[in-house]
Number of protein chains: 2
Amino acid sequence: MPKVSDEHRAAQILDAAMRLAATEGFHRMTMAEVVAVSGLSAGAVYGYFRSKQELVRAIAQRAVGRIATTIDALADAEPPVPPAEGLEAVLDRLLGLSDELGYDVPALAIQGWSEATRDPEVREILGTELLRVRRAWRDFAERVRDRGLLSPEADVDAVGNALMAMLPGFIVFRTVFGDVTPRSHASGVAELMRQPPSR
Amino acid sequence: MPKVSDEHRAAQILDAAMRLAATEGFHRMTMAEVVAVSGLSAGAVYGYFRSKQELVRAIAQRAVGRIATTIDALADAEPPVPPAEGLEAVLDRLLGLSDELGYDVPALAIQGWSEATRDPEVREILGTELLRVRRAWRDFAERVRDRGLLSPEADVDAVGNALMAMLPGFIVFRTVFGDVTPRSHASGVAELMRQPPSR
DNA sequence: CCAAACAGAATGGACGCTCGTTTTTTGATG
DNA sequence: CATCAAAAAACGAGCGTCCATTCTGTTTGG
């Protein structure tokens with residue numbers, strides 16, 4: 001029986017906890033459930049995470065880190081495409097991430113935002129990671145502009161922010177309405193950008 | 001709600017509960033606090049709301065109703081303005097609503113989204129009210145298009161959705177980054193719409 | 001054989017909710 | 001207008017449950 005490393009054990013607990021947090025939310029996720037799903041005991045879990053709060057923070061860190069990495073990669077992809085296409089690709093990837101990881105990533109995102117409103121440490125974790133995402137969107141906007149798909153005078157920070165801001169909207173609409181797809185959501189950006197008649 | 005006769009009492013309780021929910025979130029808001037802040041007793045509170053869950057649903061209903069009404073009015077305002085200006089006005093009004101009501105409306109919105117992921121009744125409440133908002137944005141987009149500020153072929157549903165989708169982004173960015181204003185947020189839309197050089 | 005890891009029952013506190021009691025309101029009566 | 005009894009509303013201490021965390025053995029690997 002090979003000894004399992006500390007990191008593996010911690011990951012095992014985190015996996016269980018993330019699945020639970022995604023389906024029930026942070027507060028309804030009990031330590032007893034984490035213990036049951038992880039297959040360890042209460043004592044063991046507390047050997048790796050000193051408290052539920054620490055576990056929640058670790059979940060937030062891991063989840064937002066994965067999301068940030070996913071989006072980074074896409075926004076950096078060459079060649080530059082129109083903004084709406086880039087957005088659609090990111091939204092697609094966000095849903096793909098859910099399948100890949102086996103839990104509802106958008107639901108976890110909402111949990112994270114909620115937790116960020118009352119735990120400053122979680123807010124900082126999200127802030128740090130999402131800053132990466134922000135820069136990625138800025139760079140994307142810059143490359144798109146340089147390709148002539150935006151006005152040469154366009155403020156790439158503002159454009160990047162606007163595109164990134166479509167993401168929470170997608171997550172919320174999906175939760176509340178349930179009828180929105182990456183394509184339908186991104187098409188709004190394309191429609192907004194259609195040329196009005198010269199005036 | 002059993003008591004239709006004395007809805008002032010119910011409003012009194014709701015006021016207290018909403019203030020608490022906005023500052024601490026639904027799960028950290030205890031009934032003991034609601035009792036204390038409302039100035040009534042536990043028994044009295046339970047005479048108006050059969051359970052904490054029912055109280056939470058009432059908070060969601062009231063909060064989203066107010067937000068929807070506020071946005072409705074603005075999106076309907078004449079005369080039509082460019083999309084970015086309309087968005088900025090709505091974001092301004094959202095912050096104004098917080099001052100007016102005395103609690104953090106964006107924070108309450110996040111709580112509502114979080115609750116919607118696990119209470120189908122809250123999800124339905126949000127869905128119904130936000131459908132009104134969605135229609136208001138569609139109408140806004142339509143009028144803006146008819147004024148020549150959008151392409152005549154623009155899909156007003158898609159444009160309305162995109163503008164409305166900027167709202168959760170604003171709320172989340174404000175919570176996580178803290179550095180975004182109605183103006184900076186809305187400017188992204190304006191920048192996105194600037195004419196690229198003809199090609 | 002020892003130290004580190006683990007198990008799981010036990011603990012203590014928090015919180016939603018109830019229920020017997022007290023206060024207030026109502027309205028009928030002289 | 002005063003009185004009073006019955007009904008309605010409010011009170012608030014306490015109950016039961018749930019849940020994070022601990023702690024005392026027990027197991028396991030070296």
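Between chain A and chain B, 10 residue pairs are in polar contact, with both partners at pLDDT 80 or more. The side of chain A that touches chain B draws on helices. The elements giving two or more residues to that side are α6 (105-116), α7 (120-146), α8 (156-176) and α9 (182-193) of chain A. The largest share comes from α8(A), with 14 residues. Sorted by class, this side of chain A has 28 nonpolar, 15 polar and 11 charged residues. The model is predicted.

Charged partners also meet across the interface. The rule finds 4 salt bridges between chain A and chain B. In a salt bridge between D179(A) and R134(B), the side chains come to 3.1 Å, N to O.

Next, the extent of the contact. Chain A brings 54 residues to it, and chain B brings 54 residues. Together the two chains bury about 4,800 Å². Of that area, 69% lies on carbon and sulfur atoms. Three residues stand out on chain A: R118(A), F177(A) and L192(A). They supply 14% of the area that chain A buries against chain B, more than any other three residues.

How are the two copies arranged? A rotation of 180°, with 0.0 Å of shift along its axis, superposes chain A on chain B. Which surface does each copy use? Of the interface residues of chain A, 100% are also interface residues in chain B, so the copies meet through the same surface.

Conventions. Residues are numbered from 1 along each chain as its sequence is written. Chains are lettered from A and ligands numbered from 1 in the order in which they are written. This is a predicted model: local features need pLDDT of at least 70, side-chain atom pairs count only at pLDDT 80 or more; totals for chains, interfaces and linings use all residues. Side-chain values use heavy atoms; hydrogens and water are left out. Contact means heavy atoms within 4.5 Å. Buried area is the accessible area (1.4 Å probe) that two parts lose on being put together, summed over both. A polar contact is a pair of N or O atoms within 3.5 Å; within protein, one must be able to donate a hydrogen and the other to accept it, and residues adjacent in sequence count only if both atoms are side-chain atoms. Helices (H or I, at least four residues) and strands (E, at least two) are DSSP runs, numbered from the N terminus. Ala, Val, Leu, Ile, Met, Phe, Trp, Tyr, Cys and Pro count as nonpolar, Asp, Glu, Lys and Arg as charged, and the others, Gly among them, as polar. Copies are superposed by least squares on the C-alpha atoms of residues with pLDDT of at least 70 in both.
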